[in-house]
Amino acid sequence: LKMECAALFRTYIEPVVLAAQFGSAFYDTGLQIVVKESYNRKTSINSTNPGDDLQKAISNFYMIYSMISSFVPFLPALFLARLGDKRCRKIPIGVPLVGYFLSRALLLLVVLVELPIEVMFGGAVLYGLCGGFSSYWAGVMALASSRSSEERRSLQLIRIELVYGIAGFVGSLCSGHILSFSQAVLVGASVFLYLLCIIYIAFVLKVTAQLGSLADRNKSEEEQSGPLESTGLCSLCAYGKTNIVLLFVSALLYDVSVGGAMEILISFVMKAPLDWGAKEVGYGNAAGFVIFITSFLGVWVFSRCLRDTTMIIIGMLSFASGIYVMSFVTKTYLFYIARALNLFALIPMPTIRSLLSKQVPGSSYGKIMIVLQLSFTLAGVAYSPIFTKIYQATLDWFAGFVFTLSSILTCLAIIPICIVGWRTTRQEGYLGNVNV
């Protein structure tokens, strides 16, 4: 029995997600404070208006950092996804972890040797060349999809997100306290955790495949049937292609609204009237990760009685309402009220991934996941400077304007999902036994 449990444990990707997100939470808090301290020293010496200049310097840093992180991984991630589908699904997960390890080690050098903070742009290039988050997260989702049944896939993917969120929540809570003790210890812990992840991927993780998508079954049935019997399946294929396009449009709009808002939130909480320090940043990041827990519970309950498209709409409405309230936050307690309204905001993305995986054969999970993730990457290259410049332009008269804009974009993202819901209802009525 012990041997069976050990063998089963070796098939789980969750330990990697857990440790990597702990490392990421430590790194994010450390980078945020190191960036603030670095530019605070420069603006206090060379500026006549240090408050606004500090905000612009921080937001410009994250704009450039985000654009490098988004653009550089494009070709490496595509190559790694292809290797993952053809050879081993560990490749698009393990290689990016090596890049993360190297970039986190570079921040440790910035802290210990007091290198210029702009060195971290080189760190972003390093892990980008290794595939970056695009390859890592697409690889995790492809692996999780391949080992789950179609009926439980949404729950399986949101479970991965839950592990990610719990690690981020605990890591963010701890990071502020560790940082107040030592920046080097915090960043060093991040480096060590990524090293553990690489070791687990290389020597422990055992990849097993369970190809059971609707597209796989349809392909098998079509191969065994004649032209007349496969007519309905061709119709299904046409439905699937249109649904994929609609799902991509909705996912992109939602990613732009969430990504743009969250990127600006980093700068927003460190300016007056909030003016957060290390502990407040850690608590604020932890509050964001609570959403992973509430979203998991939402999918666990809603999946018993609601369709996937309905769950996505609920999640998008949750984010739209919370981020709209964030536009008017002037006190810390109002920040947490806005975050509380986001309790189901994580539901849309894993559920959209689940729907997408049901439209393609299992051998193409890696491709569809990396194309989606790279679409987010390209969108990030565009929305990062746009949201940053809008934030800087509206800083004096309405600093929360970008959050209102994000709420509007989220509402637009609901429209394609409503169309997918209507189409899949017709599809089920036509084919009788198809449940998307």
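This is a predicted model: local features need pLDDT of at least 70, side-chain atom pairs count only at pLDDT 80 or more; totals for chains, interfaces and linings use all residues.
A polar contact here is a pair of N or O atoms within 3.5 Å; within protein, one must be able to donate a hydrogen and the other to accept it, and residues adjacent in sequence count only if both atoms are side-chain atoms.

Residues are numbered from 1 along each chain as its sequence is written, and side-chain values use heavy atoms, with hydrogens and water left out.

**Whole chain**

Show the cartoon. The chain has 17 helices and zero strands. Both are DSSP runs, numbered from the N terminus: helices are H or I with at least four residues, strands are E with at least two. Now colour by burial. Of the 436 residues, 56% count as buried. Buried means under 20% relative accessible area, exposed means over 50%, and partly exposed lies in between (1.4 Å probe, protein chains only). Turn to contacts, meaning heavy atoms within 4.5 Å. Among contacts with a separation of 6 or more, 84% are between residues 24 or more positions apart.

**Stop 1: S357**

Select helix α15, residues 348–357, and go to S357. S357 counts as buried because its relative accessibility is 0%. Its side chain makes a polar contact with the side chain of R153, at 3.0 Å. Then show S354. Its backbone oxygen lies 2.8 Å from a polar atom of the S357 side chain.

**Stop 2: Y194**

Move to helix α9, residues 183–203, and pick Y194. Relative accessibility is 2%, so Y194 counts as buried. Which residues does Y194 touch, not counting residues up to four places away in sequence? Select A20, G23, S24, L97, Y100, F101 and R104. Zoom in on A20: the side chain of Y194 reaches its backbone oxygen at 3.2 Å. Next, draw a line from Y194 to A19. The two are 175 residues apart in sequence, yet 7.1 Å apart in space, C-alpha to C-alpha.

**Stop 3**

Select α5, residues 91–113, and step into the loop that runs to α6 (119–129). The expected span of a helix is 1.5 Å times one less than its number of residues. The 23 residues of α5 should therefore span 33 Å, and its end C-alpha atoms are 33 Å apart, which agrees. E114 follows α5, and its phi is positive, near 60°. E114 is not a glycine. At 70% relative accessibility, E114 counts as exposed.

**Stop 4: the loop between α11 and α12**

Go to the loop between α11 (231–268) and α12 (278–302), where P273 sits. What kind of peptide bond joins A272 and P273? The bond is cis, with omega about 10°. D275 lies in this loop between α11 and α12 too. Check its phi: the value is near 50°, positive in a residue other than glycine.

**Stop 5: the second largest cavity**

Rolling a probe the size of a water molecule over the atoms shows where empty space is left. On a 1 Å grid over the protein atoms alone, a cavity is a set of points where a 1.4 Å probe fits but cannot get out; lining residues have an atom within 4 Å of a point. Grid points are joined across faces, edges and corners, and a volume is the space filled by probe spheres set on the points.

A search of the whole structure finds three cavities of 30 Å³ or more. For its lining, select A81, G84, D85, R89, P92, S135, A138, G139, A142, G366 and I370. Helices α4 (74–86), α7 (132–146) and α16 (365–393) each supply at least two of the lining residues. α7 gives the most, with four. By class, the lining has five nonpolar, four polar and two charged residues. Here Ala, Val, Leu, Ile, Met, Phe, Trp, Tyr, Cys and Pro count as nonpolar, Asp, Glu, Lys and Arg as charged, and the others, Gly among them, as polar.

**Stop 6: α13 and S407**

Select α13, residues 308–326. Its 19 residues reach 27 Å from first C-alpha to last, close to the 27 Å expected at 1.5 Å a residue. Its buried residues include A320, G322 and I323. Finish in α17, residues 401–431, at S407. S407 is buried, with a relative accessible area of 9%. Not counting residues up to four places away in sequence, S407 touches A320, I323 and Y324.

Terms used. On a 1 Å grid over the protein atoms alone, a cavity is a set of points where a 1.4 Å probe fits but cannot get out, and a pocket is an open set with protein on both sides within 12 Å along at least five of seven lines; lining residues have an atom within 4 Å of a point.
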